[in-house]
Amino acid sequence: TEVSSYTPSGVRASDPPMRTFLAALALLSVAAPSVAGQARVPNIVYILADDLGYGELGCYGQTKIRTPNLDRLAAEGVRFTQHYSGSPVCAPSRCVLMTGLHTGHAYVRGNKEMGGWGPDEPEGQLPLPDEAVTVAELLQARGYATCAVGKWGLGGPGSSGHPNNQGFDLFYGLLCQRVAHNYYPTHLWRNSDVDVLDGNRWFSAHQKLSQAPEDRDDYLAYAGARYAPDEMLEEALGFVRKHAREPFFLYYATPVPHAALQVPEDSLADYAGRLDDGPYLGQQGYLPHPEPRAAYAAMVTRMDRDVGRLLALLRDLGLEDDTLVMFSSDNGPTFNGGTDSEFFESNGPLSGLKCSLYEGGVRVPMIARWPGKIRAGTTTDHVSAFEDVLPTLVEVAGGEVPAGLDGLSFLPTLLGEDDQEERAYLYWEYPEVDGQQAVRMGRWKAVRRNLKQGQLAVALYDLDSDVAEEHDVAAEQPEVVARIEAIMRAARTPSEHFPIPVLDGE
């Protein structure tokens, strides 16, 4: 067994009890053998795409966008067909992923901004509180070196939610989701220090044109010298190289393919002139682009290329067999910014997009590879969600899963074992877009909409026969509706920051 070189920061008298416990545990921690019996705990790489739809990878049926590296990852591991994000939007989904609590109990349940859109505005969204316990803290306590690269969205500079205050030894990327709308920002963050991206100037990521420019070079105003995802990838690769001889947890949260549509010309060339029938002028937010469909496809393929570089490094360092790699998306595909989910069939047979609790807003791709542990080329229909990731990874690391979580480990499914416990239900609430609530219970999916108008009517769908959620059968299944309504009452606590009055009064 290797002893980790990680040295935790000292315990402060002001630390909450759980943090004090975790820090004390880390002081004693060694890299104990995992439940799978290997000589050392595995490395963990969790890759999170941003607004990538269920049907936007080749291994999930995509035909217009090339994703060879992720398709190969699926061929070498297991592909989940019924995996769900934590929310239909960014910040709450990431909160669920980090804490193992669904949005009925999570601290962050919507995209609550802590600043405005100008270059001098404070950065960040509502921060995780100090007492939150994240998967990074739990793995850190097991002796893992921990790193978050990419888009964070759970606390800005100096806040309790900053990644360094939530279990990550290293953070590099975008703390603020608003800044993440521009792929050529003036700076990224390395821990609490600004990393200035020379050659990039500030410009708004939301602009409109009244007509298409005659000169295509005019679109160069929406680019810069340094593409943020490239900078993030290099940092991630450097972290893996540095910690190759000890257990590490890399949370690689690329901002791709969230709008705006921005991609370097060398990637755009792969699709240019073949997908579009006109430019995008910014009518639905974000930035204009002369070939919006080509740009979107190129962004996804470039992201796939980045994943391929990361996988190649694991191979070159001899770490493939000792590394669990997982890939997913924070929610369904978007409807704005020049993207075209209908053209790409981004959700396959599912209905709904980002901001919706219908399947298309929350059912997401999920791939896992762990050579020698996960059988290659397999598919599972196990129903799972982001709140299940924390307990799964803690078990992978040989740790004890904390009590009080909403999630349930799916490690037995990864290992192909027969003793996988099933979730009784999945629960979501989303206080924005007029207020929504949803429950998945076995074959049944129930959705409430317009909660902020006081409406409590339940629409019920049988996903076994109606995965597109086209036929409401609530009137035919009153007993099922009654059971789900009881779950909707019991599965949540009111939120100070994200009230839903019609539910909070129940």
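The second largest pocket is lined by 21 residues, and Trp 117, Gly 118, Arg 178, Val 179 and Trp 202 lie nearest its centre. Here a pocket is an open set of points on a 1 Å grid over the protein atoms alone, where a 1.4 Å probe fits, with protein on both sides within 12 Å along at least five of seven lines; lining residues have an atom within 4 Å of a point. The volume of this pocket is about 320 Å³, taken as the space filled by probe spheres set on the points. Its lining divides into 10 nonpolar, 8 polar and 3 charged residues, with Gly counted as polar and Pro as nonpolar.

The model is a predicted one, in which local features need pLDDT of at least 70 and side-chain atom pairs count only at pLDDT 80 or more, while totals for chains, interfaces and linings use all residues. Residues are numbered from 1 along each chain as its sequence is written, and side-chain values use heavy atoms, with hydrogens and water left out.

Buried means under 20% relative accessible area with a 1.4 Å probe, protein chains only. The buried residues of H3 pack against strands S1 (43–49), S3 (145–151) and S7 (248–253), and against helices H4 (135–141) and H10 (389–396); contact means heavy atoms within 4.5 Å. Just after the helix, Gly 100 takes a positive phi of about 75°.

Strand S2 (residues 78–84) holds His 83, which is buried at a relative accessible area of 0%. The side chains of His 83 and Ser 384 are joined by a polar contact of 2.7 Å, that is, a pair of N or O atoms within 3.5 Å, one able to donate a hydrogen and the other to accept it. Beyond its neighbours within four places in sequence, His 83 also touches residues including Ser 328, Arg 363 and Phe 410.

How values were computed:
Helices (H or I, at least four residues) and strands (E, at least two) are DSSP runs, numbered from the N terminus. Buried means under 20% relative accessible area, exposed over 50%, partly exposed in between (1.4 Å probe, protein chains only).
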